[in-house]
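Okay, everyone, thanks for coming. Let me put the structure up on the screen, and then we'll walk through it together.

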Amino acid sequence: MMNPYRRGQLSLGRNWLTLTVYCAVGVLACTSQDRLLTGSWGSTGITHPSPFFSGVPAPDAGRHAMLVLGQDGKFTWREPEGVCHSGTYLIQGHALLLTESTGGERIRLDYAFRGDHLRLKSPDGFMFDFRKTPHLADAGAKPCNQ
Amino acid sequence: MGDEEEELTKKIRQLVKKQFDGDFRKGFDHYDSIDGQDLKIGSSALEQLLADAHVGNFLTRKLWVEGVLKALDKDQDGAISWDEFASILEDSPQSKEEPAKKPGEDSSPDK
């Protein structure tokens with residue numbers, strides 16, 4: 001008959017093993033999401049489901065953003081007409097948290113991958129679609145004044 | 001009225017109540033002076049108004065400006081007049097009042 005103390009040890013050992021595997025899977029999952037997100041993204045479209053925003057942005061507005069998520073936790077969001085935002089970012093689950101350096105404004109964008117496309121959803125319903133731009137992946141996020 | 005218009009109206013009312021004692025004309029006069037467009041709220045002033053009212057965020061505020069101009073700018077001059085501004089607040093009793101007179105406009109006979 002097995003010693004109950006030893007049975008407990010075995011059970012404890014299994015629990016530790018399970019916990020370790022879960023943690024490893026969790027860390028790997030987070031790391032792979034981080035790796036997928038970092039780099040340069042060129043916007044392919046901005047949409048909003050509400051009729052209030054039909055025709056927004058105007059087709060001739062040229063609002064094609066370039067988003068760079070650096071490995072150092074910094075981001076830059078540039079638009080052709082001179083709009084630029086930079087700051088820091090955090091990844092929390094399926095959300096990307098951006099904090100702008102100038103005003104300190106913080107926003108939480110839900111993100112999802114569709115093939116090689118990234119979709120960011122703003123809390124007010126705007127959806128930004130991006131495609132990764134591999135040739136700029138190592139550019140890093142630079143502050144707006146650079 | 002859609003969700004976006006409701007949110008917009010609600011937040012602008014809250015802003016006016018908090019910062020301009022509920023006086024919509026006072027609020028309008030504050031923003032129309034920002035970008036030098038006399039008696040009209042231009043796009044940069046509208047962006048400031050939306051930021052003050054916590055409408056949208058730093059990535060979407062210019063898109064909100066486009067949406068608001070599309071909805072309100074009836075004469076399509078790229079700016080919001082008092083009448084256009086008041087049209088989104090038409091449920092508010094204050095917006096139906098006569099616009100407040102500016103200093104120096106008082107022409108009362110007992111002067």
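Let's start with a salt bridge: in this predicted model, the side chains of Asp129(A) and Arg119(A) meet, with N and O 2.7 Å apart. Asp129(A) sits in strand β8, residues 127-132 of chain A, and Arg119(A) sits in strand β7, residues 117-121 of that chain, so the pair ties together parts that are ten residues apart in sequence. Why would two such side chains pair up at all? In general, side chains of opposite charge can do that when their charged atoms come close. Over all chains, a search of the whole structure turns up eight salt bridges.

Okay, stay with those two strands for a moment. β7(A) and β8(A) are antiparallel partners, with five bridges between them. If you want one pair to look for, find Lys121(A), which stands opposite Met127(A) in β8(A). The hairpin that β7(A) and β8(A) make has five residues between the strands, and in that hairpin Gly125(A) takes a positive phi near 100°.

Now, what do these strands belong to? In chain A, eight strands form a closed barrel, running β1-β2-β3-β4-β5-β6-β7-β8 with antiparallel pairing. On average, neighbouring strands of this sheet are turned by 30° against each other, if you ignore direction. And while you look at the strands, here's a general point: in a regular strand the side chains alternate between the two faces of the sheet.

How many bridges join β1(A) to β8(A)? There are six, and these two strands run antiparallel.

Then β3(A) pairs with strand β4, residues 84-92 of chain A, in the antiparallel sense over five bridges. Thr76(A) has Ser86(A) in β4(A) as its bridge partner. In this hairpin, with five residues between the strands, Gly82(A) takes a positive phi near 100°.

As a general rule, most residues other than glycine have a negative phi, and most peptide bonds are trans. Well, the bond that joins Val56(A) and Pro57(A) is cis, with omega about 0°. You'll find Pro57(A) in the loop between β1 and β2 of chain A. Over in chain B, Asp21(B) isn't a glycine, yet its phi is positive, near 55°. Asp21(B) lies in the loop between α1 and α2 (24-32) of chain B.

That brings us to where the two chains meet. Chain B puts 17 residues into the contact and chain A puts in 26 residues. Together they bury about 1,800 Å², 69% of it on carbon and sulfur atoms.

On the chain B side, α1 (3-19) and α4 (61-72) each supply at least two of the residues that touch chain A. α4(B) gives the most, with nine residues. By class, the side of chain B that touches chain A has seven nonpolar, four polar and six charged residues.

Glu105(A) forms a salt bridge with Arg61(B), and their closest N and O atoms are 3.1 Å apart.

Key: Residues are numbered from 1 along each chain as its sequence is written. Chains are lettered from A and ligands numbered from 1 in the order in which they are written. This is a predicted model: local features need pLDDT of at least 70, side-chain atom pairs count only at pLDDT 80 or more; totals for chains, interfaces and linings use all residues. Side-chain values use heavy atoms; hydrogens and water are left out. Contact means heavy atoms within 4.5 Å. Buried area is the accessible area (1.4 Å probe) that two parts lose on being put together, summed over both. A salt bridge is a side-chain nitrogen of Lys or Arg within 4 Å of a carboxyl oxygen of Asp or Glu. Helices (H or I, at least four residues) and strands (E, at least two) are DSSP runs, numbered from the N terminus. Ala, Val, Leu, Ile, Met, Phe, Trp, Tyr, Cys and Pro count as nonpolar, Asp, Glu, Lys and Arg as charged, and the others, Gly among them, as polar. Two strands pair if DSSP finds at least two bridges between them. Axes are lines fitted to C-alpha atoms, for helices over the stretch in contact, and angles run from 0 to 180 degrees between N-to-C directions.
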